[in-house]
Amino acid sequence: MTDSAELEREAGLARLFELNYSSMLRLAVLLGADDPENVVAEAYYQIYRKWRRLRDIAAAEAYLRSTVCNLTRMRIRHLQVVRKHVENSPDELVASAESTALLHDDQRALINALQQLPARQREALVLRHWLGLKESDIAAAMGISAGSVKTHTARGLAALTQAMEARR
């Protein structure tokens, strides 16, 4: 890679980091990552490696969001497998100080209810209601059809509503 292309990649990635790091960290937390900082760092590393192959640099944010979703999903699956093979698995994960600082007390109940949802429902709700994405963008990020996005969103919202009403 030429020096100017390398400088352009570095500058583009720096802009992407500056504009999106906090929202990607929140996304990883809301999706249930036990180590959201590492998930987001890995996502930035992956986009750094693939920067030359990005056809549209404007799509880098969508690629980054999709990568965070995929990495979080893979991490959760990995932890589920590990926990099956550990005799004394911890009943509850301890959130990092950074994750805890992102959440206010009044949000804890909602986050707990959200974490009880199936992964696809949780992802659809987070991408739709926290990030405000359109169905087509959610479908692209999750790798599913727009109809499936509607189904997961509706079921997740119904389950979340039921859980929060039961709490009252």
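Author: Buried means under 20% relative accessible area, exposed means over 50%, and partly exposed lies in between (1.4 Å probe, protein chains only). This is a predicted model, where local features need pLDDT of at least 70, side-chain atom pairs count only at pLDDT 80 or more, and totals for chains, interfaces and linings use all residues. Residues are numbered from 1 along each chain as its sequence is written, and side-chain values use heavy atoms, with hydrogens and water left out.

Reader: What makes E123 and R73 a salt bridge?

Author: A salt bridge is a side-chain nitrogen of Lys or Arg within 4 Å of a carboxyl oxygen of Asp or Glu. The N to O distance for E123 and R73 is 2.6 Å, so the pair meets the definition. E123 is in helix 6 (residues 119–130) and R73 in helix 3, 50 residues apart; helices are DSSP runs of H or I with at least four residues, numbered from the N terminus. E123, at 3% relative accessibility, is buried too.

Reader: How do you know that E135 and K150 form a salt bridge?

Author: Their N to O distance is 4.0 Å, and the definition asks for within 4 Å, so the pair is counted. The bridge links distant parts of the chain, with E135 in helix 7 (residues 135–142) and K150 in helix 8 (residues 146–167). E135 has a relative accessible area of 34% and K150 has 48%, so both are partly exposed.

Reader: What makes R75 part of a network?

Author: Salt bridges link R75 with D34 and D35. In the R75 and D35 bridge, the closest N and O atoms are 3.6 Å apart. R75 is in helix 3 (residues 60–85), and D35 is in the loop between helix 1 (3–30) and helix 2 (36–49). D35 is buried at 17%, whereas R75 is partly exposed at 26%.

Reader: How many residues does the largest nonpolar core have, and what makes it a core?

Author: The largest has 36 residues. A nonpolar core is a set of buried Ala, Val, Leu, Ile, Met, Phe, Trp, Tyr and Cys residues joined through side-chain atoms within 4.5 Å. L16, L27, I47 and L127 have the most contacts inside this core, and helix 1 gives the most to it, with 7 residues.

How values were computed: Helices (H or I, at least four residues) and strands (E, at least two) are DSSP runs, numbered from the N terminus.
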